[in-house]
Amino acid sequence: MTAIPQPRKSPRQLRSQHTVDTILQATARVLATHGYAGTNTNLIAQTAGVSVGSLYQYFPNKNALIAALHDRHDNQMLDVIDRVLDSNTAATLRERVAAIVQAMLHAHLLEPALHRVLEREFPLFDQPHEHSRADQDIHRRMRHLLEFHRSEIAQQDRDLATYVVLRIMESLVHAAALEPPAGFSPQQLEQAVVDAVMGYLGTPARAPRKTAAARKTARR
């Protein structure tokens, strides 16, 4: 397994957090514009408006910055799901799934060039799901959502259903953002992803209606 590059330290004060956010935003712009080969810490620091020394306080090299961008993306997806789940507790499962897919696709389309570099060139710098706190939180949120709407789905194993739903969303949203098929609008792609998720979850089977004779027998 490839070792994930780690930052030197995590920012603790608000000012330090702002500096790190600025550096990561600059990294995203430089990486999307120049690619990996054209990206270096001097250019990132110049774009961020900070000294190279300030950058090196937190990140030892550009690979650590790329790993941090993966973490930032995971946390953005967690924020997306939290906002949707908090916005309308009376919504149906399909409405919530549709809102999550729409927000996820919109977030990916904001920086398509960056996501293309991260997903195609450096997927190994992304933390495994079992080691990512954001991924684990996303899994718990989705598991709770399916449990809350259990009467609306046919899948009885909701642990497995959580895994499958998240993989469907992740795979199809990435594909729609990075390699969108010609001739289809974002709305059509969103609808297709939602249909795939809901098609997998299915609808709960209804108990067969009793015939008049069966009802008469049951009353005896």
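Q: What counts as a contact here?
A: Contact means heavy atoms within 4.5 Å. The model is predicted. Of the contacts in the protein chain with a separation of 6 or more, 75% join residues 24 or more positions apart.

Q: What share of the protein chain counts as buried?
A: Buried means under 20% relative accessible area. Of the 220 residues, 39% count as buried. The protein chain exposes about 12900 Å², and carbon and sulfur atoms supply 52% of that area.

Q: What makes a set of residues a nonpolar core, and which residues have the most contacts inside the largest one?
A: The members must be buried, come from a list of residue types that includes Leu, Val, Ile and Met, and be joined through side-chain atoms within 4.5 Å. The largest such core has 32 residues. Those with the most contacts inside it are Leu 93, Val 97, Ile 100, Met 169 and Leu 201.

Q: Which helices each supply at least two residues of this core?
A: They are α4 (62–87), α5 (93–110), α7 (133–148), α8 (158–178) and α9 (186–201). The most comes from α8, with eight residues.

Q: Which residues is Leu 201 in contact with, leaving aside neighbours within four places in sequence?
A: Its partners are Leu 93, Leu 146, Ile 153, Ala 154, Gln 155, Ala 161 and Val 165.

Q: How do you know that the span of α5 agrees with 1.5 Å a residue?
A: Its 18 residues should span 26 Å, and its end C-alpha atoms are 26 Å apart, so the two agree.

Q: Why are the buried residues of α5 said to be on the same side?
A: The buried residues are Leu 93, Arg 96, Val 97, Ile 100, Val 101, Met 104, Leu 105, Ala 107 and His 108. They cover an arc of only 160° around the axis, so they lie on the same side of α5. On the other side, His 106 and Leu 110 are exposed.

Conventions. Residues are numbered from 1 along each chain as its sequence is written. This is a predicted model: local features need pLDDT of at least 70, side-chain atom pairs count only at pLDDT 80 or more; totals for chains, interfaces and linings use all residues. Side-chain values use heavy atoms; hydrogens and water are left out. Buried means under 20% relative accessible area, exposed over 50%, partly exposed in between (1.4 Å probe, protein chains only). Accessible areas come from the Shrake-Rupley method with a 1.4 Å probe; for residues, only the protein chains shown count as cover. Helices (H or I, at least four residues) and strands (E, at least two) are DSSP runs, numbered from the N terminus. The expected span of a helix is 1.5 Å times one less than its number of residues. The arc is that of the directions from the helix axis to the C-beta atoms.
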